Amino acid sequence: MKLVAASLLCLCGALVCATPRTSEWRDKVPQEARLRANPYAEEPSAAQAGEKLFARYCSPCHRASRTGKWRAPDLRSPVVRNTPPGELFWILRNGMLRQGMPSWSHLPEEQRWQIITWLQTR
Amino acid sequence: MQSVCTALLLLSLLGTALHAADTPYFVTYSHRMEEPGNLEIAFDGTTASPVGGNSFLSGLLEIEYGVTAWWTTEVYFSGQNTAGESTLFTGHRWENRFRPLMREHWINPVLYIEYSDVNGADKSLKEIVGHDGMADQSEPNANSRLERKRELETKLILSSHFKGWNISENIIAEKNLANEPWEFGYAAAVSRPLALAASPRPCRLCRENFRLGLELYGGLGTRHEFGLHDTSHYLAPTVAWQMPGGVTLAVSPSFGLNGNSYPALFRFSLAFEINQFGRTGPR
């Protein structure tokens with residue numbers, strides 16, 4: 001019984017520690033990450049691959065039209081187009097877990113850059 | 001077993017937008033969490049022909065849901081069929097995984113806690129702990145099903161992504177709540193997709209749709225007898241294929257590394273992911 005109580009306490013602790021807090025994501029991106037260049041910039045074949053990957057991984061939340069749904073933002077905005085690719089790459093790698101954006105670090109870096117290429121060439 | 005297969009088949013015909021998970025592991029967990037709002041339904045099978053025992057097929061129905069981007073919850077229902085004996089439901093499990101750190105690091109921890117209520121006939125081999133071995137499961141179903149095990153299992157999951165590779169390590173501690181000692185185990189795995197960049201055209205057999213991996217897992221004894229003595233260990237190559245239509249198929253032949261282990265196990269998994277389950281409305 002003590003064990004179950006202790007486990008529940010740990011569970012509650014974990015939940016409290018991870019309670020969502022909102023903050024501006026752009027402030028969190030380190031300068032060195034912001035400066036990373038997209039190795040696939042302007043490559044049409046990378047953009048095509050990015051479109052395919054976007055449809056598979058991103059469109060369930062952001063919709064195929066990129067207009068967004070629920071808490072997922074509209075990705076057609078000039079902010080996305082004009083954001084340095086390194087910032088977008090940082091967001092894809094880390095996610096914004098408290099705001100509901102998952103980390104996509106399990107996708108190889110190449111595929112994350114392909115998605116960014118497509119987003120910024122549309 | 002037949003009804004489980006029928007249910008999975010029906011789900012596949014629903015036509016919902018689906019895509020499935022992409023890790024090829026059967027025992028080891030990485031720090032990848034279910035995307036928030038997504039529901040994954042998977043069927044995991046394990047089959048073996050133990051020395052001096054009857055061959056069996058164990059089935060595990062998994063229902064996994066991403067509650068938030070840092071919390072994934074999952075329930076399991078298990079059953080098995082042993083040749084010449086019987087087919088039976090063996091119990092259920094409820095697991096929760098939490099990511100305590102909100103950013104990606106070199107090593108990413110995930111806290112895992114699971115409550116299981118299964119009987120002694122359970123052969124899902126979802127993890128190996130303590131002195132688990134082939135001999136434990138050679139008892140006939142009619143006897144082993146009478147034993148009821150309520151267990152609490154915790155894991156520390158450590159996982160990293162590096163240049164397309166995933167490297168994961170799990171440290172397992174399990175406690176039978178019937179006043180038995182803590183049992184320990186481990187699992188470690190590496191995997192990598194066959195291609196890191198995606199091809200520009202839609203395709204079924206592109207290399208990026210395949211992921212190869214290798215798992216190593218086994219028991220580490222109990223609190224009173226910690227160590228490798230009288231434990232079992234397995235080495236398992238794995239391959240996962242992310243098929244068109246939102247289905248992932250994974251298979252893994254596993255090889256026992258000592259006399260306490262099954263000489264060979266064959267595992268397979270079929271997974272479907274229902275995107276944004278119950279979130280169909282507009283913004």
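Biologist: What share of the 122 residues of chain A counts as buried?

Modeller: Buried here means under 20% relative accessible area, with exposed over 50% and partly exposed in between (1.4 Å probe, protein chains only). Bear in mind that this is a predicted model, where local features need pLDDT of at least 70, side-chain atom pairs count only at pLDDT 80 or more, and totals for chains, interfaces and linings use all residues. Residues are numbered from 1 along each chain as its sequence is written, chains are lettered from A, and side-chain values use heavy atoms, leaving out hydrogens and water. For the 122 residues of chain A, the buried share is 46%.

Biologist: How many helices does chain A have?

Modeller: Helices are DSSP runs of H or I with at least four residues, and strands are E runs of at least two, numbered from the N terminus. Chain A has zero strands, and its elements run α-α-α-α-α-α-α. The helix count is seven.

Biologist: How are H6(A) and H7(A) set to each other?

Modeller: Using lines fitted to C-alpha atoms over the stretch in contact, with angles from 0 to 180 degrees between N-to-C directions, the axes of H6 (residues 85-94) and H7 (residues 109-121) of chain A come within 10 Å and cross at roughly 130°. Under 35 degrees counts as roughly parallel, over 145 as roughly antiparallel, 65 to 115 as roughly perpendicular and the rest as oblique. So H6(A) and H7(A) are oblique.
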